[in-house]
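Student: Hi, could we go through this structure together, one topic at a time?

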Amino acid sequence: MDSKSGRLDRVNRVVVGCQWGDEGKGKVVDLLSREADIVARFQGGNNAGHTIVIEGVRVILHLIPSGIMHPGKICVIGNGVVLDPYVFKEELETLEKLGIDYVDRIFISAATNLIMPYHRVMDGIEETGRGKQDLGTTKRGIGPAYQDKVRRTGIRLADIFSDQRLKDKLEMQKTLKAHWLGRLPDDREVDFDKIYQDMVGFREILAPMMTDVSKMLYDAYKANMVILYEGAQGAMLDVDLGTYPFATSSNTTAGGALTGLGIGPRMIDEVVGIVKAYTTRVGAGPFPTEQENETGEKLREIGGEYGATTRRPRRTGWLDMVQLRHAIRISGVDKIALTKLDVLDTFDEIKVATHYRYQGKKIENFPMDLCAISDCRPQYRAFPGWKATTSGITSYDDLPEKAREYIDYICTELDVKLLLLSTGPAREQTVLV
Ligand code: GDP
Ligand code: IMO
Ligand code: MG
């Protein structure tokens, strides 16, 4: 940090969630965008809900990078994202209503796979088909769109600009999806002719935005522009290294930025992990420190823990160092942004799981075997609450001593530096360290 200006260094940062999503990435990316020229989303789709609060106005972005709230910053959507053009258009309309000028500021990779209406339908059918083993997806068609990408039958942005290619690809989709779409309730149908017309209709909006993102970012980097890479979801939802199968369909970890944008590792200077001061999770799957009790309800109510995308109540629990050690390692996190500290202001006691007990043994690393996780018993250390308001404090030294003890413990234990602290949803409710 530059101590004279109170501003953070201008370096190329990747920002990733370190838990199960909703750590406050939107707020932090908005804040860090000040020191960047370009903000680039590299994975996920509109399963994400990134909240930004500016002068009392709350904006939830699902696809467009959170840098859009800073006039003049360039926003980029990479090939690793799955983009629903219907939702994207709505999001542009939201920006228009807010008076945000996005013209010549948003660019999308020609290789970005599109989420089609049949993907949304399939997401619902798949969830029903999983029965008791359902994942609790956002039902936005994310999984099915990534399935088509990996199956090499997906429709990419560039495809919609050729009449014949689009027709051929939709025809193939109609054949491939017949098995699925035959299972729809009578009153619902997927009209492929309408999809074709809709895609043709989207050309006007999307044509000026389509570009070679990899080349664009490389040139910007070479010209000493600063890039901020914005992740969605969180480490534990990573399709490879998270709590599979209770995960999303993309690589949410720092590595996802490389393949999701077509950049090399040297284009990243610093990995920033967002850590919420406690833990939440939406959807099904293991959550060792979950508190299904009054404590959990208190965290939910004070923290306003209701999904930004689906409005579902989020599951809540204590901070989990076993889970966080894993998240920090798999993304190579250098610094953390600790968010929602204020939510703990009124607690008498704050607990942190330091390790688990598994089959009579102490374990400190998160098991990759789902069955093992359910047999792990978190072991807690209790910290005395600071019982004072932290919102509005702007200097680390002014924080209550007990809050500093809690923060110091987290950073020491995880062997990371603290970049910033967030003590409320607004930009100014931040302590730059
Ligand atoms: P994201 O998906 O990681 O961007 O996080 P979400 O936007 O889904 O959820 C975070 C929620 O917490 C939003 O409602 C934010 O406005 C809010 N928020 C972010 N930082 C803070 C904080 O430090 N304190 C409080 N009380 N709320 C915060
Ligand atoms: P942000 O970026 C929290 C969860 C869903 C479900 C699982 C799979 O706002 O942090 P999907 O629709 O992706 O197939 O659902 O992943 N999930 C999220 N949870 N925050 C998110 O995004 C999420 N995106 C997906 O609830 O459990
Ligand atoms: Mg969210």
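**Helices and ligands**

Tutor: Let us begin with a pair of helices, where α10 passes α12 in a right-handed crossing; a crossing is left-handed if the near helix is turned anticlockwise from the far one by less than a right angle, and right-handed if clockwise. Helices (H or I, at least four residues) and strands (E, at least two) are DSSP runs, numbered from the N terminus.

Student: Before we go on, what sort of model is this?

Tutor: It is a predicted model, in which local features need pLDDT of at least 70 and side-chain atom pairs count only at pLDDT 80 or more, while totals for chains, interfaces and linings use all residues. Residues are numbered from 1 along each chain as its sequence is written, chains are lettered from A and ligands numbered from 1 in the order in which they are written, and side-chain values use heavy atoms, leaving out hydrogens and water.

Student: OK, so at what angle do α10 and α12 cross?

Tutor: The axes of α10, residues 321-331, and α12, residues 401-414, cross at roughly 50 degrees and come within 10 Å, where axes are lines fitted to C-alpha atoms, for helices over the stretch in contact, and angles run from 0 to 180 degrees between N-to-C directions. That angle makes α10 oblique to α12, since angles under 35 degrees count as roughly parallel, over 145 as roughly antiparallel, 65 to 115 as roughly perpendicular and the rest as oblique.

Student: Which residues meet there?

Tutor: From α10, M321, L324, R325 and I328 meet Y409, I410, E413 and L414 of α12, contact meaning heavy atoms within 4.5 Å. By class, the contact of α10 with α12 has 6 nonpolar, no polar and 2 charged residues; Ala, Val, Leu, Ile, Met, Phe, Trp, Tyr, Cys and Pro count as nonpolar, Asp, Glu, Lys and Arg as charged, and the others, Gly among them, as polar.

Student: And what about α3 and α5, how far apart are their axes?

Tutor: Helix α3, residues 117-129, and helix α5, residues 163-181, have axes 11 Å apart and pack at an angle of about 20 degrees. The two are therefore roughly parallel to each other, and the crossing of α3 and α5 is left-handed. Y118, V121, M122, I125 and E126 in α3 meet L170, Q173, K177, W180 and L181 in α5, and the residues of this contact divide into 7 nonpolar, 1 polar and 2 charged.

Student: How do α3 and α4 lie, parallel or perpendicular?

Tutor: The axes of α3 and helix α4, residues 142-151, come within 7 Å and cross at roughly 110 degrees. They are therefore roughly perpendicular to each other, and α3 passes α4 in a right-handed crossing. The contact is made by Y118, H119, M122, D123 and E126 of α3 together with I142, P144, A145, Q147 and D148 of α4, and its residues divide into 5 nonpolar, 2 polar and 3 charged.

Student: Switching topic, which residues come nearest to ligand 2?

Tutor: Of the 20 residues around ligand 2, D22, K25, H50, T138 and T248 come nearest, and a residue is near a molecule or strand if one of its heavy atoms lies within 4 Å of it. An oxygen atom of ligand 2 is 2.7 Å from an N or O atom in the side chain of H50, and an oxygen atom of ligand 2 is 2.6 Å from an N or O atom in the T248 side chain.

Student: And which come nearest to ligand 1?

Tutor: There, K25, G26, T51, D342 and S422 come nearest, of the 19 residues around ligand 1. A polar side-chain atom of D22 lies 2.9 Å from an oxygen atom of ligand 1, and a polar backbone atom of G424 is 3.0 Å from an oxygen atom of ligand 1.

Student: Last one, what kind of peptide bond joins Y244 and P245?

Tutor: That bond is cis, with omega about 5 degrees, and P245 has its place in the loop between β10 (227-230) and α8 (255-261). Most peptide bonds are trans.

Note on methods:
A polar contact is a pair of N or O atoms within 3.5 Å; within protein, one must be able to donate a hydrogen and the other to accept it, and residues adjacent in sequence count only if both atoms are side-chain atoms.
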